[in-house]
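Work through the exercises below with the sequence and the model at hand. Each task is followed by a solution in steps.

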Amino acid sequence: MLLAGELQAMSLAWPGSGQALWWLQLLSLAALATGLLHAPTARSAAWRGFVFATAWLAGTFWWLFISMHTYGGLPAPLAVLAVLALAAFLGAYYAIAAWGFVRLRPMQPAWAALVFAACWTLAELARGTLWTGFPWGAAGYAHVDGPLAALPRWVGVYGAGAVAAWLAMLLAQMLATPARRALRWAAPLVLTAGAVAGLGVWQQRALTEGDAQALAEGRPVLDVALLQGNIPQDVKFEPGEGIALSLNWYGRQLLQPAAPLVVAPETAIPLLPRQLPEGYLDAVTAPYRYQEAGTGAHAALVGMPLGDEEQGYANAVVGWQPGAGSSYRYDKHHLVPFGEFIPPLFHWFVRMMHIPLGDFARGAVAQPPMLWQGERLAPNICYEDLFGEELGARFADPAKAPTVFVNISNIGWFGDSPAIDQHLHISRMRSLEFERPMLRATNTGATVAIDHRGVVTHQLPAFERGVLLATTQGREHLTPYARWVAAAGLWPLGLLCAAVLALAGWLLRRSK
């Protein structure tokens, strides 16, 4: 189970290439399914699920050690213990799922696969929502490419993960079946393949129609400049060299905009407005505020902290566009525990680290987008794009729904680790779910432009200082996932899984 869990982690971003390997995710999950099929008791199944999940999760976000030890100053043994403790805590959801599967497992193979998929998905949903949620590395993210990439527009990342779990259990049972009985697996596998293929054809038709509509409407292509300062994380917030480097480099790029829209990453300006050198903010925003709208005008979205002790501090995006004094503001809603807010009873833990600005105020869930050149630009900060249901809340009113997502991040906290590639796959998944382009401006990588099909069209090399010139074009149509998640959040998927387990329990009691 340890090896299978580690392979599950590697399927999300294979070392050396950063690619997500959908087939490896299925095989490693099938190894867990095989272990559960052969578990002598529900308790032993729970232990196998726990070992698999803890290895998978620790192997997925081991880079938290870098932020806590290298940049936070936490002693290495405590940092290792903290990562393992988090992985074990989250792994408990999957232990419960494994226990529940063995207790409810029916004899009919396809029905057993459905019960496993329901148990697995409820564990994923619990991990992604309870205690503020931390769904980083959900199994569905391995399917940004491959045959299941057609599913997110309908059922989101969790739905794609549910289908993967169904297939993994079918595979495990098929391998455990004598060859002479292999035909019994033909029907569920053929039906699944046919359904996925049909949804893929439907998706391509919808994308083609959307492209034709954008062309017929004469929707303009937006030129953008995405800034990647590559400011070393160990000096980024230090008075003197680090702060001066940030202010000087980003200031020069803002004073001489390379495209009609300029996007700078999270905390590109690392100081509160009142802490900035006198006249700095007025100078760097003048090219955007003091101009007339129209051809040749420019706008900017810049990450910087805002607020004061009375009103609270916010990790924010500030936007400027034509019109003296005009500005746009987005405050981060989904804050990072220990990095941006301190959970109750854990102030002692945060005091052991040296991470600045550790207790922010929370913004609203569905804040309005910034209107620019016919597009509705919807910012999200750092790992906020991990929570598709929260981005989906912005689609409740189609007339105000985002046409382009803009993610600004400072993933430099995690060094040269798989976190960069994992986060890129997360952003691509959001583009697949909502069929919206995603612009990403980061401190160290991955600074990219993703189109509405989830394809990376422009990318800067990681850990290089530079400006990425790219183009994007928004979309107006709503995917089925956008419609139902805006109306009801993740509840429909959770209730469906709960109904499957309730039916399995009823059938089990009836058979006895």
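A salt bridge here is a side-chain nitrogen of Lys or Arg within 4 Å of a carboxyl oxygen of Asp or Glu. The model is predicted, local features need pLDDT of at least 70, side-chain atom pairs count only at pLDDT 80 or more, and totals for chains, interfaces and linings use all residues. Residues are numbered from 1 along each chain as its sequence is written, and side-chain values use heavy atoms, with hydrogens and water left out.

**Exercise 1. Describe the salt bridge between D211 and R475 and state which parts it ties together.**

Step 1. The N-to-O distance between the two side chains is 2.7 Å.

Step 2. Helices (H or I, at least four residues) and strands (E, at least two) are DSSP runs, numbered from the N terminus. D211 belongs to helix α8 (residues 186-216), while R475 sits in the loop between β12 (466-472) and α14 (480-488), so the pair ties together parts that are 264 residues apart in sequence.

Step 3. Buried means under 20% relative accessible area, exposed over 50%, and partly exposed in between (1.4 Å probe, protein chains only). R475 is buried at 5%, whereas D211 is partly exposed at 22%.

**Exercise 2. Compare the span of helix α7 with that of a straight helix, and find where α7 bends.**

Step 1. The expected span is 1.5 Å times one less than the number of residues. For 24 residues a straight helix would span 34 Å, but α7 (residues 152-175) spans only 28 Å between its end C-alpha atoms.

Step 2. The bend at a residue is the angle between axes fitted to the seven residues ending there and the seven starting there. In α7 this angle is about 75° at Y158.

Step 3. Of the 24 residues in α7, 19 are buried.

**Exercise 3. Give the strand order of the open sheet that contains β5 and β12, and identify its edges.**

Step 1. Two strands pair if DSSP finds at least two bridges between them. The order of the six strands is β5-β4-β3-β2-β1-β12, with mixed pairing.

Step 2. β5 (328-331) and β12 are the edges; each has a single partner strand, so one side of each is left without a neighbour in the sheet.

Step 3. Strand β4 (residues 312-320) runs antiparallel to β5, and four bridges join them. V317 has Y330 in β5 as its bridge partner.

Step 4. Contact means heavy atoms within 4.5 Å. Axes are lines fitted to C-alpha atoms, for helices over the stretch in contact, and angles run from 0 to 180 degrees between N-to-C directions. Helix α9 (residues 241-255) packs on the sheet and touches β1 (222-228), β2 (261-263), β3 (299-308) and β12; its direction makes about 165° with that of β1.
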